[in-house]
Amino acid sequence: MARHRDADVAIRCSDLSITRASARGTATERVVDGVDFTLAHGRSLAVLGPTGAGKSSLGAVLAGTDEPGLAVVGGDARVQGIPVRRPGRAHRTLTYLVGYLGQGAGTRLPARLTVEEVISSPVTSRDRRVNKRALALRVAALLDELKLPLGMTVKYPYELSAGMRQRVALARALMLDPKLLVADDLFANLDVQARAAVVEAIRRRCDGYGMSTLLIGNDRDGIRALGAEVLILRSGHVVACGANVDDVLWTPSAGADRRLIAS
Ligand SMILES: Nc1ncnc2c1ncn2[C@@H]1O[C@H](COP(=O)(O)OP(=O)(O)OP(=O)(O)O)[C@@H](O)[C@H]1O
């Protein structure tokens, strides 16, 4: 098995199919069907498509989230060289190497933790004997980078605006300097200044140490700002792809998708 140190690409998705069980677990639906793509180190790829196309399901599986009900039923994907279908003991490494900002992450921050505790949690959940001073400095640097006030560390999520919560969730996803960031609805609730800070933070990591980014969602300006390549999903299938959001290679029947990203 290719180890993450010598993985030639960030993601290699080969004929990947994913099912999702219904809430009662009585039926399963194929939400991703035979998806192929590659994401190089240091590059960004945006997955667009109409609601229910399977974008979030794809992101959750590639991030190794173990979301209940989701299962890989065909093909496979290697993320930093680790197979997401049966990662075995490498699952812990996978979640260490991948920062995940799930859909609505800002709205689902743990209510009983302070901002500092939330952002530190990827470290403290792995190792409780950490250098508290170094951790506090790291949290302060992330807050500053994302244009959040340093005094926010002692606050609780309910005391923050929606845009602040979203950036706290992103800071948590960036805490371990991930090799890959999977970000679902990255720019949710962000104003112009906050968007610029987020784009800058991601670009710095791409250029600095080759972080790759998988963006999930239809935010055309954000996709353009990050210079992301584009993949369009419809009913779990890839229907179009392109080198950027303004240069998408279309299938003849993809008029609705063209309208989607032109909107
Ligand atoms: N928590 C859930 N429980 C049951 N079914 C779900 C759940 N989340 C999504 N689904 C179903 O899985 C399919 C794929 O949904 P998914 O969220 O991956 O699509 P999406 O393209 O991200 O949509 P959106 O843009 O609306 O977030 C849809 O048919 C949806 O109804």
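With 22 C-beta neighbours inside 10 Å, aspartate 185 counts as buried; a residue is buried if 20 or more other C-beta atoms lie within 10 Å of its own, exposed if 12 or fewer, and partly exposed in between, with C-beta atoms placed from the backbone. The model is predicted: local features need pLDDT of at least 70 and side-chain atom pairs count only at pLDDT 80 or more, while totals for chains, interfaces and linings use all residues. Residues are numbered from 1 along each chain as its sequence is written.

**Backbone and burial**

Aspartate 185 lies in the loop between β7 (180-184) and α6 (192-209). Helices (H or I, at least four residues) and strands (E, at least two) are DSSP runs, numbered from the N terminus. The phi of aspartate 185 is positive, near 60°. Lysine 147, in the loop between α4 (132-145) and α5 (162-174), also has a positive phi, of about 60°, although it is not a glycine. Most residues other than glycine have a negative phi.

| Residue | Other C-beta atoms within 10 Å | Class |
|---|---|---|
| Aspartate 185 | 22 | buried |
| Lysine 147 | 17 | partly exposed |
| Arginine 203 | 16 | partly exposed |

Arginine 203 belongs to helix α6.

An open sheet is formed by four strands in the order β2-β1-β4-β5, with antiparallel pairing; two strands pair if DSSP finds at least two bridges between them. The edge strands, each pairing on one side only, are β2 and β5 (82-83). Strand β1 (residues 11-21) is joined to β2 by eight bridges in the antiparallel sense. Within this part of the sheet, alanine 21 stands opposite threonine 28 in β2. Helix α1 packs on the sheet and touches β1, β2 and β4 (70-79); its direction makes about 60° with that of β4. For such angles, axes are lines fitted to C-alpha atoms, for helices over the stretch in contact, and the angles run from 0 to 180 degrees between N-to-C directions.

Helix α1 (residues 55-62) is mostly covered, with eight of its eight residues buried. Among them are Lys55, Ser56 and Leu62. Glycine 64 follows α1 and has a positive phi, near 70°.

**Ligand shell**

The ligand is surrounded by 14 residues, of which the closest are Thr51, Ala53, Lys55, Ser56 and Ser57. A residue is near a molecule or strand if its C-beta atom, placed from the backbone, lies within 6 Å of it. Helix α1 gives the most to this shell, with three residues. Both β2 (28-39) and α1 supply at least two residues each. By class, the shell has three nonpolar, eight polar and three charged residues. Ala, Val, Leu, Ile, Met, Phe, Trp, Tyr, Cys and Pro count as nonpolar, Asp, Glu, Lys and Arg as charged, and the others, Gly among them, as polar.

**Nonpolar core**

The largest nonpolar core has 71 residues, and Val47, Leu62, Leu180, Leu214 and Leu215 touch the most other members. α5 gives the most to this core, with seven residues. A nonpolar core is a set of buried Ala, Val, Leu, Ile, Met, Phe, Trp, Tyr and Cys residues joined through C-beta atoms within 7 Å.

Leaving aside its neighbours within four places in sequence, leucine 215 has contacts that include Ser44, Val47, Ala183, Leu186 and Ile223. Two residues are in contact if their C-beta atoms, placed from the backbone, lie within 7 Å.
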